[in-house]
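Please walk through this structure with me, one piece at a time. Keep the sequence and the 3D view side by side.

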Amino acid sequence: MGAASRVADRTDDDREAAAAILRDLLGARLVLVTGKGGTGKTTFSAALALLAAAKGRKVLLAEIDSQRPALTPVFGQAPTFDGVAVTEHLTVANLTWQDALQAFLRKLVPSRRIVKLILTNRVVSRFLDFTPGSQEIVTLSALGERVESYDLVVADMPASGHAFSLLDITRSAMGLFRSGPVRTRASELRALLIEPSTRVALVGLPEEMVVNETIETYAKLDKFGLLSRAPAVFLNRATLPTFTDDERSLLARLGKQELTELQEEFLRAGRWEDELEQATASSRHRLAEAIPIRPVLVPPSTAGGTSAGSVQAVAAHLGRLVGIGRKQLGWPA
Ligand SMILES: Nc1ncnc2c1ncn2[C@@H]1O[C@H](COP(=O)(O)OP(=O)(O)OP(=O)(O)O)[C@@H](O)[C@H]1O
Ligand SMILES: [Mg+2]
């Protein structure tokens, strides 16, 4: 078997594995997306939500406690606490903890006037500021409630460290509150997080530091019992393998020869591409060794650098894996 067909085989195999992972996420009830800052969490969350909506599921894409919602430029509308519909099946929301607190209290205390009094009470606000985890519990609670009203909720979580404390708060709160409504809610939420229909997706880049953080996040979530199964891993801006071993040795040979300016130019482009491919290959290898599920590779988009353009490009790429075409995405006009 020649080198070229070996590459092709590996790619087909990867495509099938990636499609299976994606189908599994699209069929979940709750997908929690996290990863290092700036890796593409929002882009991936939005792409996944669009794909599930294209399949006819009723989907909520929720940012968690964002001061400046990243979804606003993506859909051209600011996400609200209650959610705004951006396509027939897709609603976007921003679950801030202040709104979540009001909603939480309204459930416990039937009188709106009393809720208002509680919210403006100094003792209560100091309690909330200083009781570890109270903000996180109400925010997670709002997220958990949304699962009841949608077929799928995709949560664009904060970056890994913060996302971990947010999720693990269910354990700390159960230690802190021996009884009462907060404890009950914390244990219900913990049960939701580890339900088989809940998935964690980690988004990373083919860079050493990012891969380290992805592996650490996985290990921590696993250690603290926050995973019902291995999380899906998306290696974003990955340069898919194209060079065969023969082509690589050709690049190396060319480097030793006297070249014209134009040949030099080609060689530089080839080396640059090769470096990106090698970075992807080594990141993928390290991830595969540490996390018992294959990373799904997502190529860089060339769609002009806007956030909406990247979401569309990533959704189109992932859509191709599972047979959902661009037109079906119902991108908001
Ligand atoms: N595959 C891609 N190709 C090209 N650009 C991308 C790709 N994925 C994401 N981007 C761009 O990279 C930037 C960061 O992406 P995004 O905002 O999704 O990351 P994030 O992890 O949500 O960041 P933050 O930690 O700030 O929330 C954005 O400008 C986005 O449009
Ligand atoms: Mg983001």
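**A strand and its surroundings**

This is a predicted model. Start with strand S6. Thr198, Val200, Leu202 and Gly204 point one way from S6, while Arg199, Ala201 and Val203 point the other way. All of these residues are buried, whichever way they point. Strand S6 covers residues 198–204, and seven of its seven residues are buried. The strand is thus described as mostly covered. Buried has a set meaning here: 20 or more other C-beta atoms lie within 10 Å of the residue's own.

Now look at the strands that pair with S6. Strand S1, residues 30–35, is joined to S6 by six bridges. S1 and S6 run parallel. Find leucine 30: its bridge partner in S6 is threonine 198.

Strand S7, residues 232–235, is also joined to S6. Here there are four bridges, and again the strands run parallel. Leucine 202 stands opposite valine 233 in S7. How does the chain cross from S6 to S7? It passes through helix H10, residues 208–223. This β-α-β crossover is right-handed.

Next, turn to ligand 1. It is surrounded by 17 residues. The closest are Lys41, Thr42, Thr43, Ser301 and Ser310. Two elements give two or more residues each to this shell: helix H2 (41–54) and helix H13 (307–322). What classes of residue make up the shell around ligand 1? Ten are polar, five are nonpolar and two are charged.

Key. Residues numbered from 1 in each chain as written. Chains lettered and ligands numbered in written order. Predicted model: local features only at pLDDT ≥ 70, side-chain atom pairs only at ≥ 80, totals over all residues. Near = placed C-beta within 6 Å. Nonpolar A, V, L, I, M, F, W, Y, C, P; charged D, E, K, R; others polar. Buried ≥ 20, exposed ≤ 12 C-beta atoms within 10 Å, placed from the backbone. Pairing = 2+ DSSP bridges. Right-handed = clockwise from strand over helix to strand, strands pointing away.
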